[in-house]
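This note sets out several points on the charged side-chain pairs and the ligand site. Please read it alongside the sequence and the coordinates.

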Amino acid sequence: MAIQLEKYKAILAELKDKATLIAVSKTNPVEDLQALYDAGQRDFGENYVQELVDKASILPKDIRWHFIGHLQSNKVKYIAPFVHLIHCVDSLGLLKEIDKQAAKNNRSMDCLLQIHIAKEETKFGLNNDELNEILALVKADSFKNVRVLGLMGMASFSDDKNLVKQEFNGLKKLFDATDNFSILSMGMSGDYALAIEAGSNMVRIGSLLFGARNYSNL
Ligand SMILES: *Cc1c(COP(=O)(O)O)cnc(C)c1O
């Protein structure tokens, strides 16, 4: 399926300056990313380390790469030299490893804390205690090479709009309760309008832009 350029423009117009659009390009071929790049898109989101490294080596260097999938600590080193924002910090151990790899690369790395807001147990993310532990360490300036810029969450995959709204509102509350956060990453193809309504300022949209994913491309 070809890239949905009309849809892309419509979404940009809809988001205006309310939210940054991350084009989620996992499983999609570099030709499709290049087409969206040529239309002006610079922020792309990927879920798999090897796929991201391969694509980043081929595509234009001014792309801002967002890592949005579950990240294993032992793979941080492969993306540390160039990744723009890691959305999915779901453990203290991972945050420590990001800090370490950032130092090794003489840079500061930006990330978001992923919060578990969905009913589904299978989704990743921090619970309240884990979040508070990390926030205390951040406050104490324990991480010299990472900046925690905000929160990320995924709502339940559900047709129940009230449930999805509730989950987004809960994340917005947490976001507001914390000083100095600037990024609230929530909303995907199926629920981004609800997310914006709830106060999201960064949406991660894949299938609406690229068409349905074909995982056999991996
Ligand atoms: C794949 C993915 C998206 C994009 O999903 P779509 O429904 O295709 O828009 C957004 N966020 C995360 C974390 C993802 O893994």
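How many residues surround the ligand, and which are the closest? The points below begin with that matter, after two remarks on conventions. The model is predicted, so local features need pLDDT of at least 70 and side-chain atom pairs count only at pLDDT 80 or more, while totals for chains, interfaces and linings use all residues. Residues are numbered from 1 along each chain as its sequence is written, and side-chain values use heavy atoms, with hydrogens and water left out.

1. Ligand surroundings. The ligand is surrounded by 13 residues, a residue being counted if one of its heavy atoms lies within 4 Å. The closest are Lys-26, Asn-47, Ser-189, Ser-207 and Arg-213.

2. A ligand oxygen lies 2.8 Å from a side-chain N or O atom of Lys-26. A distance of 2.8 Å also separates a ligand oxygen from a polar backbone atom of Gly-206, and the value for a polar backbone atom of Ser-207 is 2.8 Å. Of the 390 Å² of accessible area that the ligand has on its own, the protein covers 90% (Shrake-Rupley method, 1.4 Å probe).

3. Salt bridges. The criterion is a side-chain nitrogen of Lys or Arg within 4 Å of a carboxyl oxygen of Asp or Glu.

4. Asp-110 and Arg-147. Their side chains form a salt bridge with an N to O distance of 2.8 Å. This pair links distant parts of the chain, 37 residues apart: Asp-110 belongs to strand β5 (residues 109-115) and Arg-147 to strand β6 (residues 146-153). Strands are DSSP runs of E with at least two residues, helices runs of H or I with at least four, numbered from the N terminus. Asp-110 is buried at 15% relative accessible area, whereas Arg-147 is partly exposed at 47%. Here buried means under 20%, exposed over 50%, and partly exposed in between (1.4 Å probe, protein chains only).

5. Lys-100 and Glu-97. The closest N and O atoms of this salt bridge are 3.9 Å apart. Both residues lie in helix α5 (residues 92-104), and because they are three residues apart, about one helical turn separates them. Lys-100 is partly exposed at 47% relative accessibility, while Glu-97 is buried at 16%.

6. Lys-144 and Asp-141. In this salt bridge the closest N and O atoms are 3.4 Å apart. Lys-144 is exposed, at 61% relative accessibility, and Asp-141 is partly exposed, at 45%.

Technical notes:
A polar contact is a pair of N or O atoms within 3.5 Å; within protein, one must be able to donate a hydrogen and the other to accept it, and residues adjacent in sequence count only if both atoms are side-chain atoms.
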